[in-house]
Amino acid sequence: MFHCLNDKSMLFVNKYSKAIIFSVVIIFLLFFLHYLGVLRPIENVTIFLTKPILRVFYGASNWVGGNYLNYRSKQSLAEENNELKIQLVELLKEKSLYQIEAEENDFLKSQINFTKASKNEFEVARVIGQNTELTQNSLIIDKGSSSGLSVGQPVLGEGGVLLGKIFKVNKASAIVLLINDDLSKVSVKILNGAKTIGLVEGEYGIGIKMKFIPQSETVKIGDIVVTSGLEKQIPKGLVVGQIKKINQEPELLFQEASIESLVDFNKVTLVNIIKRANEND
Amino acid sequence: MIKFLKHLILILSLLGVQLAIIPAAGDYLTGMNVVLTVLVFICVAYKFSLGVVYAFVLGFIMDLYSILPFGATLVSLLLTLYVIHQLSLHFLTNKSFYALIGLTFVAITVNSLISYLYQVTFYFSETGELIISRIFVSAPSELLHQIGYNLALAVFLFAIFHFTSRRFNAVFIDTTKN
């Protein structure tokens, strides 16, 4: 049995050695013939035959690669688009913040000018809310009795325009009743030659009406209405608005005028409260 | 004749993949040596002699498209096959998945070493500059990529053949019979 195995392995080794020798011979032959140039025709034919196949494969590969790249670039564009959308939202948020800050800045600048000219004692407060109930037209501000606010103090908007009066005070917040509210009443005068006195009341929250204008007084559209100074806490000369429409009925005792405020009550973010009016004002 | 055509189509396809598709496939796949992996597969799953014949034909044609001196690819392929044949003769007992993976791993490593040796020699003969240090910097990561991709290809080939032929099916040796 061992003898048989030895014979077989010897046969395998011989066969294997022959194969190796054969391979080495072929390799040397190929080298030799190649560098002598004898193989040149065979090489040329091989290249001639394989080149179109490689071209087809390369074309196909490029086509697939191109489509893949196209797909990837579309994908990356979509991703980029999403990222840009997110960035846009962020920028819009930032922009709105800047706008709010710019508005506040403008307001503060105008208030500085206004307070410089006036000798009243002021307190600046931020609007933190609005009453949305239909019957009420009021603002909620972030200052209260701890800041020296009390009921009846006038609240001013941009440029010193009267917005309303403090209606209710808490320790750290207060409610401002706007002059267009039905409950609001402010003593005013018209800056005409006669300095006509009257009373401004709110009109269902949608407008301001000046009442008790004597029929004998001459009032024009565009006249400026200011506070009269007859109320204790409200100094004279605070701008309330401008006459927009005059309602003159001959059979009535008094005329009425619709007044347009110079401030949009819905866009107020900062207010100025006169804590103590100057006695000379 | 049909058998010859089958071999011819396979050889041309391998050439097409190795010389036209892989280089255009992108940075990572360029290290893939499809020809060598398929040659190892042929040697393990079929006959070693068939692998050698394939190596001769493919090596010869690839040398025609190579910038290295004629015979470099051919010799490196044959040397690699010789090494894995020696390993399979002396260390492995059967045609298994692990044998295929192990031999592919060795083949890629040996072939890469031979290729690096060629490159160093070739560049030195052309420019008089030794690029050993440069190769030592880039070679390890390239080799790892190459091994990874080629092993993945070997696994893929094994899976295909496992499900379509009986070449890798388990063989039970009956030891109860005399």
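Six strands of chain A close into a barrel in the order β6-β7-β8-β11-β10-β9, with antiparallel pairing. Direction ignored, neighbouring strands of this sheet are turned by 45° against each other on average. Keep in mind that this is a predicted model. Chain B goes another way, with 6 helices and 0 strands, and 20 residues of chain B meet 18 residues of chain A where the two touch.

- Chain A has 2 helices and 12 strands in its secondary structure. Going from the N terminus, the elements read α-α-β-β-β-β-β-β-β-β-β-β-β-β.
- In general, strands of a sheet pair through backbone hydrogen bonds, either parallel or antiparallel.
- Chain A runs to 281 residues, and 23% of them count as buried.
- Take the contacts in chain A with a separation of 6 or more: 56% of them come from residues 24 or more positions apart.

**Chain B: the helical chain**

- Read along the sequence, chain B is simply α-α-α-α-α-α.
- Its 178 residues include 31% that count as buried. Among the contacts in chain B with a separation of 6 or more, residues 24 or more positions apart account for 61%.
- How does α4(B) check out for length? Its 19 residues should span 27 Å at 1.5 Å a residue, and the end C-alpha atoms are 27 Å apart, so the two agree.
- The buried residues of α4(B) include B:Leu74, B:Leu77, B:Leu78, B:Leu81 and B:Ile84, but also B:Thr73, B:Ser76, B:His85 and B:Ser88.
- B:Phe97 sits in helix α5 of chain B. Is B:Phe97 buried or partly exposed? It counts as partly exposed because it has 14 C-beta neighbours inside 10 Å, and being buried would take 20 or more.
- B:Phe97 and B:Ala154 are 57 residues apart in sequence, yet their C-alpha atoms are 9.2 Å apart in space.

**The nonpolar cores**

- The largest nonpolar core has 40 residues, and those with the most contacts inside it are B:Leu39, B:Val40, B:Phe41, B:Ala55, B:Leu58 and B:Leu81.
- Which elements of chain B give two or more residues to this core? They are α1, α2 (34-45), α3, α4, α5 (97-127) and α6 (132-164). The biggest share comes from α2(B), with 10 residues.
- Leaving out residues up to four places away in sequence, B:Ala55 touches B:Leu39, B:Leu77, B:Leu78 and B:Leu81.
- There is also a second, separate core of 38 residues, which includes A:Leu162, A:Val186, A:Ile190 and A:Ile208.
- As a general point, nonpolar side chains tend to be buried together in soluble globular proteins.

**Where the chains meet**

- The contact takes 18 residues from chain A and 20 residues from chain B. On the chain B side, the elements giving two or more residues are α1 (2-24), α3 (48-64) and α4 (72-90).
- α1(B) gives the most to that side, with 8 residues.
- What is the side of chain B that touches chain A made of, by class? It has 17 nonpolar and 3 polar residues, and no charged residues.

Key
Residues are numbered from 1 along each chain as its sequence is written. Chains are lettered from A and ligands numbered from 1 in the order in which they are written. This is a predicted model: local features need pLDDT of at least 70, side-chain atom pairs count only at pLDDT 80 or more; totals for chains, interfaces and linings use all residues. Two residues are in contact if their C-beta atoms, placed from the backbone, lie within 7 Å. Helices (H or I, at least four residues) and strands (E, at least two) are DSSP runs, numbered from the N terminus. Ala, Val, Leu, Ile, Met, Phe, Trp, Tyr, Cys and Pro count as nonpolar, Asp, Glu, Lys and Arg as charged, and the others, Gly among them, as polar. A nonpolar core is a set of buried Ala, Val, Leu, Ile, Met, Phe, Trp, Tyr and Cys residues joined through C-beta atoms within 7 Å. A residue is buried if 20 or more other C-beta atoms lie within 10 Å of its own, exposed if 12 or fewer, and partly exposed in between; C-beta atoms are placed from the backbone. The expected span of a helix is 1.5 Å times one less than its number of residues. Two strands pair if DSSP finds at least two bridges between them. Axes are lines fitted to C-alpha atoms, for helices over the stretch in contact, and angles run from 0 to 180 degrees between N-to-C directions.
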